[in-house]
Amino acid sequence: MSLVVPASGNKPATRIELSPWELQFLSLGPIQKGLLFLKPTLPQENSIINLIDHLKSSFSRTLDLFYPLAGRLCSSVNEDDNTTCFFFLNCNAAGAQFIHAAAGSVTVADILEPVDVPRIVHSFFPLNGVRNSDGVSRPLLGVQVTELVDGIFIGCTVNHSVADGASFWHFFNSWSEISRGSGEIITLSPVFDRCFLNDVNNVHIPIPIPQSMLPFRPLARPPSPPQSLQERVFHFSKEKIAALKARANGEMGTNKISSLQALSAHLWRCITRCGRFPEDQETEYMFLIGMRPRLSPPLPAQYFGAGAQSGSVSMKTGELVDRGLGYADWEMNRMIAAASSEATNFLESWARDPKPLSAPISSRARDSYFTSSSPRFNVYGTDFGWGKPVAVRSGGANKPYGKITLFPGAEEEGSIDIEVCLFPETFEAMMGDAEFIEAVAV
């Protein structure tokens, strides 16, 4: 393991303020996503070492452009009242973590062929078990390159209080561009400016957070899902998703329900039905909604940071199952549409009354689901110079019962892969559910 600093050693900025979108994640775990590649054909015995050295060198050069990721979080007491504190991003070039590891007996097939995602995948990620608030002393970014028998897995961990999914893949894509030989020129240069906060009423930077919230309580669950939970990846073809979308819009007499909303509601209904929860029990489906285009004026696509806030839909279990796909979809559509007008309200209300998100706890009595990531991220464009990845997997952070992670399909444009964390008996029931089996590729 080593700490890698920006290649140039420059420090263009010493301090970046954090917005409510970023501060809300302090109590949670980081983002962990990784890519599985077939091992490239290499001409020399020592060429795998050359490849690792090349990845490390290009990683350092990428940090020149994404220099905040080599920094640390910093906290300080508010001397005006001594009851609150501030968190900000200190661009001190302390370094990002880089690990070269080997899993000499593990093959690509060992990862892809089992019905459940093998637990060993979680060991392919660095910085396991940390919380985002630990960024005051731990690296904000870590990369682990793991050699397999016939493949390479590149696992990336990024502090969620300095980046969301869009920024995570912006970094990953840019690193691969530089590795392929783009020099220092990348498709989309990151923007770190937080000036948009000056236009939001009643948001004064830095935002004071009550010290009573600190230190954050120890994680209520282990860094990986409990042994009672399993993870599976389901593939939905473009054709099946289009059919769900047409069905949902037809049931509601509209054309506003999106493909992703149709698929999300379908999964929600199937899991809830197979979970056999009481009809009068409340069920909830939560999203992280990207707010860059929803702010007025919108933030640029290359804005680097966290620019997402949560939204949720809830109803009785019986209502969700009995009223049809279109009804659940329409409720999702209304919630997401309303979020477009609530970006400023969220920033103002959070600054006035800070409430860091809390990690849900896995429970057999809980009918609650949380979706993260997006099939719109350019996952399979992350080519380091020896071909595109064959699969994407996530790490063990933030994995309670009901965690749902969305990825684009590996082969067909418009298809979607969904990673789901559930109890074994729920998966077993889903495999016998005709409506679920009709839509999924198994």
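Tutor: We'll take helix pairs, then the pocket and cavities, then some backbone details. Keep in mind that this is a predicted model.

Student: Fine. At what angle do α6 and α10 pack?

Tutor: About 110 degrees. Helix α6 covers residues 259–275 and helix α10 covers residues 424–431. Their axes are 8 Å apart.

Student: Why call α6 and α10 roughly perpendicular?

Tutor: Angles from 65 to 115 degrees count as roughly perpendicular. The pair packs at about 110 degrees, so α6 and α10 are roughly perpendicular to each other.

Student: Is the crossing of α6 and α10 left-handed or right-handed?

Tutor: The crossing of α6 and α10 is right-handed.

Student: Which residues of α6 and α10 meet?

Tutor: From α6, you have L267, I271, C274 and G275. They meet T426, A429 and M430 of α10. By class, that contact has five nonpolar and two polar residues, with no charged ones.

Student: And α8, how does that cross α6?

Tutor: Helix α8 spans residues 325–339. The axes of α6 and α8 cross at roughly 125 degrees and come within 9 Å. That pair is therefore oblique. The crossing of α6 and α8 is right-handed.

Student: Which residues make the α6 and α8 contact?

Tutor: On the α6 side, Q261, A262, S264, A265, H266, W268 and R269. On the α8 side, L325, A328, D329, M332, N333 and I336. They divide into seven nonpolar, four polar and two charged residues.

Student: What about α2 and α4? At what angle do they pack?

Tutor: About 120 degrees, with axes 9 Å apart. Helix α2 is residues 47–65, and α4 is residues 165–180. That angle makes α2 oblique to α4. The crossing of α2 with α4 is right-handed.

Student: Which residues make that contact between α2 and α4?

Tutor: α2 brings H54, L55, S58, F59, R61, T62, L63 and L65. α4 brings F171, S174, W175, I178 and S179. By class, the contact of α2 with α4 has seven nonpolar, five polar and one charged.

Student: Switching to spaces. What volume does the second largest pocket have?

Tutor: About 450 Å³. It is lined by 24 residues. Closest to the centre of this pocket are L112, V233, F234, H235 and R393.

Student: Which elements give two or more residues to that lining?

Tutor: α3 (108–112), β10 (230–236) and β14 (391–394). The largest share of the lining is from β10, with four residues.

Student: Which residues lie nearest the centre of the second largest cavity?

Tutor: P30, L127, V130, P139 and N159. They belong to a lining of 13 residues. By class, the lining of the second largest cavity divides into six nonpolar, four polar and three charged.

Student: What about the bond from S296 to P297, cis or trans?

Tutor: The bond from S296 to P297 is cis, with omega near -5 degrees. P297 lies in the loop between β11 (282–290) and β12 (308–316).

Student: What is phi of A93?

Tutor: Phi of A93 is near 55 degrees, which is positive in a residue other than glycine. A93 is in the loop between β5 (84–90) and β6 (96–102).

Student: And R276, positive or negative phi?

Tutor: R276 has a positive phi of about 55 degrees, although it is not a glycine. R276 is in the loop between α6 and β11.

Terms used:
Residues numbered from 1 in each chain as written. Predicted model: local features only at pLDDT ≥ 70, side-chain atom pairs only at ≥ 80, totals over all residues. Heavy atoms only, no water. Axes fitted to C-alpha atoms, helices over the stretch in contact; angles between N-to-C directions. Parallel < 35°, antiparallel > 145°, perpendicular 65-115°, else oblique. Left-handed = near helix turned anticlockwise from the far one by under 90°. Contact = heavy atoms within 4.5 Å. Nonpolar A, V, L, I, M, F, W, Y, C, P; charged D, E, K, R; others polar. 1 Å grid on protein atoms, 1.4 Å probe; cavity = no way out; pocket = protein on both sides within 12 Å on 5 of 7 lines; lining within 4 Å. Points joined across faces, edges and corners; volume = space filled by probe spheres on them.
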